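Hi,

Here is the structure I promised to pass on. Have a look at it, and below you will find my notes on what turned up.

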Amino acid sequence: MIHLTSKLPSSGTTIFTVMSRLAKESGAINLSQGFPDYDCDPELIELVNKHMRAGHNQYAPMAGVALLRERIAEKANRLYGADYHPESEVTVTAGGTQAIFTAIAALVHPNDEVIIFDPAYDAYAPAVKLMGGFVKSYELSPPNYKIDWKAVRKLISAHTRMIILNTPQNPTGTTLKEEDMEELIAITRKTDILILSDEVYEHLVYDGQQHLSMARYPELRERSVVCASFGKLFHNTGWKVGYCIAPALLMDEFRKVHQFEVFSVNTPVQHALADYLADKSHYLGLTAFYQDKRDFFSELMQGSRFKLLPCEGSYFQTARFDRISNEKDTDFSKRLTTEVGVATVPVSAFYTKGTDFGIIRFCFAKKNETLERAAEKLQKL
């Protein structure tokens, strides 16, 4: 008999895997997991094929293909007025989640405290715990999920090492505002607190609003690790390519972990992405593309018994279901999948304490016909 002590005793299979598996078993329309059901641009696929045939099939440099890092730095400068040196301040990663995990592994030490805003992407807390850190969760409440910075100040201690932020936020679809950034600057000024900024939905900000990246603000940029995802940008989540930008001091520590974690990332895909990024319209057009999908889904749901909450960004739409059922959100989501034929995710899964406000999350990064079929089923409730 082998005796093991789990490093993550309270962790099981992620809710995304659970709901996607249930959707497949039930033959349900999958609006649960955050991936498109349409393909990426054929031009991008051709570029990957081109670079495979050109012989770019061996290990890439540990930090990433040089031209891709240059293009990422150019993009950050164009969008946020931020100067990141491609040689020392940009690293290509195997997806956004690897970038997040690596940043936590590199910068959080045993007994460090990390502030996380719930509901939160479920990869944050386990990574902190694996590094021996302590999670301090601050719960946000619907419908606006606004941060009370006075309450956040009370969470700060001499042991606070990091604050993790996600904007636009998954699962709520909310975004940080100028007043949030001003508060964050004031809270962290003259401290050693670091910021991990998950900005994988940076181009999915709607209604004329700007994405407020940590890279925009010099006082935040100097203490921030910003993580992003090409999978979210270019509809190819299965390629698992993302990147991280950070000041050299932080990036040096990041790469110490990255090199032993994955070492390098898919070479022909990196070359293809470098070519593709030369045309900025490929990412600047994403806002309109996804806002149309948000609005299309919202229109389809008019007259239903679901109450849609505000969606300022991301490709997720949250909704109350209290006019339909008083079940737990987990039970309702499973019944919606097996009996109605539409898979969603219960928002309580994003809370450390499992707090249930009776809200579920739909992913609208789907073909219009998929959204139409799903809405038709949901309208019957």
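A quick word on terms before the sheets: two strands count as paired if DSSP finds at least two bridges between them. Helices (H or I, at least four residues) and strands (E, at least two) are DSSP runs, numbered from the N terminus. Please keep in mind that this is a predicted model, where local features need pLDDT of at least 70, side-chain atom pairs count only at pLDDT 80 or more, and totals for chains, interfaces and linings use all residues. Residues are numbered from 1 along each chain as its sequence is written, and side-chain values use heavy atoms, with hydrogens and water left out.

First, the seven-stranded sheet. This open sheet has mixed pairing and runs in the order β2-β8-β7-β6-β5-β3-β4. At its edges lie β2 (90–93) and β4 (134–139), each of which pairs on one side only. On average, neighbouring strands here are turned by 20° against each other, direction ignored; axes are lines fitted to C-alpha atoms, for helices over the stretch in contact, and angles run from 0 to 180 degrees between N-to-C directions.

Within that sheet, β6 (residues 194–198) and β7 (residues 224–229) pair in the parallel sense over four bridges. Contact means heavy atoms within 4.5 Å.

Next, the four-stranded sheet. This one is open too, with antiparallel pairing in the order β9-β10-β13-β12. Its edge strands, β9 (307–308) and β12 (345–346), each pair on one side only. Two bridges join β9 to the antiparallel strand β10 (residues 316–320), and Lys307 stands opposite Arg320 in β10.

Finally, the whole protein. In total there are 15 helices and 13 strands. The radius of gyration (taken over C-alpha atoms) is 21 Å, which agrees with the value near 21 Å for a compact globule of 381 residues; the globule rule is 2.2 Å times the number of residues to the power 0.38. Buried residues make up 55% of the 381, where buried means under 20% relative accessible area (1.4 Å probe, protein chains only). Among contacts between residues at least 6 apart in sequence, 76% join residues at least 24 apart.

Best wishes

Definitions and conventions:
Buried < 20%, exposed > 50% of the residue type's maximum accessible area, 1.4 Å probe, protein only.
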